[in-house]
Amino acid sequence: MSQLTAFLLVLSLCAFAPLCFSSKTKGGKLYPQFYDHSCPKAQEIVRSVLAKAVAKETRMAASILRLHFHDCFVQGCDASLLLDSSGSIVSEKGSVPNKNSARGFDVLDEIKSALEKECPRTVSCADLLAIAAKESTVLRGGPSWEVLLGRRDSRTASLSGSNNNIPAPNNTFPTILTKFKRQGLDIVDLVALLGSHTIGNARCTSFRQRLYNQSGNGQPDYTLDQSYAAQLKTRCPKSGGDQNLFFLDYVSPTKFDNNYYKNILASKGLLNSDQVLLTKNEGSRELVKQYAENSQLFFEQFPKSIVKMGNISPLTGSRGEIRTNCRKINS
């Protein structure tokens, strides 16, 4: 049989099965039209459920965006973070970066249940989260982008990966950059993606050392504006108050904009990992200045970087599965 005859045979078989190609990503690559035939309302459903959740609690937008980031940095964007512990699975939710801070899982459950009602066993939890991250950004006034789709869900989680791969608030700049490079991301992606700290909150425990004991010598971090530090100390004492919440961007805490970078220039980046972008590396310092001066530049780069991040090691084709419940693997 010639190659042409074989190809025509496949095409004729597909004529009787309109969704013939819908379950495969194009050569293992993600693409925006993945659900156009199998679940055309997918993005609309995610948007509508999420909009209600964010209207109820503004902070939810930042929480969902953070889940996408914490998912992609461990085993790739495969929704491994959404799995609860069961059987041989030890959940990533218990890792240092996620414990007492990763949230929004109930909102994702609600979205998943709406999707299952509309198109059963079709939209993966990994894709759901990628769409929700975009919608969260847009809902708070940030840029939009075309979400690439076709990821499948993992059947495993990695607690050690979660503990080791996700940049921590008190990491040094070289450590943070190394963790980004390990995922195929560069310094431009690092500075742009940290710009998501323009919305959301951080706990006292994640920046306390800057106020009281930055380098282990009982001295505060002098790269932090001292009047701002005094203000923070009122609700973040030397001990206690670990879970007290503070805005990451105190100027416009619920608006996705470039004030995050302006705050860093004013020595008012809340986390150590925010401020080191200015103080520890010339390349990142330049980018901070550019994004502080030009919000359009930031709004152009952020989508490019988050799409790149969303492309980290996706499971495609027949690898992984489409979970019916994001918290557990299919039995």
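K308 is partly exposed in this predicted model, with a relative accessibility of 34%. The side chain of K308 meets that of D189 in a salt bridge, with an N to O distance of 2.7 Å. D189 sits in helix α8 (residues 187-194) and K308 in helix α14, so the bridge ties together parts that lie 119 residues apart in sequence. D189 has a relative accessibility of 3% and therefore counts as buried, since the cut-off for that class is under 20%.

Side chains of opposite charge can pair when their charged atoms come close. Across the whole structure, a search finds 14 salt bridges. Another of them joins R327 and D109, at 2.6 Å from N to O. This pair also links distant parts of the chain. R327 belongs to the segment after α14 (295-309), whereas D109 belongs to helix α4 (residues 105-118). The two residues are 218 residues apart. R327 is partly exposed, at 26% relative accessibility. D109 is likewise partly exposed, at 26%. R327 and D109 also take part in a network of salt bridges, together with D84 and K93.

A further salt bridge lies within a single helix. The side chains of K289 and E286 meet at 4.0 Å, N to O. Both residues are in helix α13, three residues apart, so about one helical turn separates them. K289 is partly exposed, with a relative accessible area of 32%. E286 is partly exposed too, with a value of 40%.

Helix α13 (residues 282-293) also packs against helix α12 (residues 272-279). Their axes are 6 Å apart and meet at an angle of about 100°. The two helices are therefore roughly perpendicular, because angles of 65 to 115 degrees fall in that class. On the α12 side, V276, L277, L278 and T279 make the contact. On the α13 side, the contact is made by S284, R285 and V288.

The surface also carries a nonpolar patch. F247, Y250 and V251 form this patch, and together they have about 270 Å² of accessible area. V251 is found in the loop between β2 (245-247) and α11 (259-265). With a relative accessible area of 45%, V251 counts as partly exposed.

Conventions
Residues numbered from 1 in each chain as written. Predicted model: local features only at pLDDT ≥ 70, side-chain atom pairs only at ≥ 80, totals over all residues. Heavy atoms only, no water. Patch = residues over 30% accessible without salt bridge, like charges linked within 9 Å, V, L, I, M, F, W, Y side chains within 5 Å. Areas by Shrake-Rupley, 256 points an atom, 1.4 Å probe, with all protein chains shown as cover. Helix = DSSP H or I, 4+ residues; strand = E, 2+ residues; numbered from the N terminus. Buried < 20%, exposed > 50% of the residue type's maximum accessible area, 1.4 Å probe, protein only. Axes fitted to C-alpha atoms, helices over the stretch in contact; angles between N-to-C directions. Parallel < 35°, antiparallel > 145°, perpendicular 65-115°, else oblique. Contact = heavy atoms within 4.5 Å.
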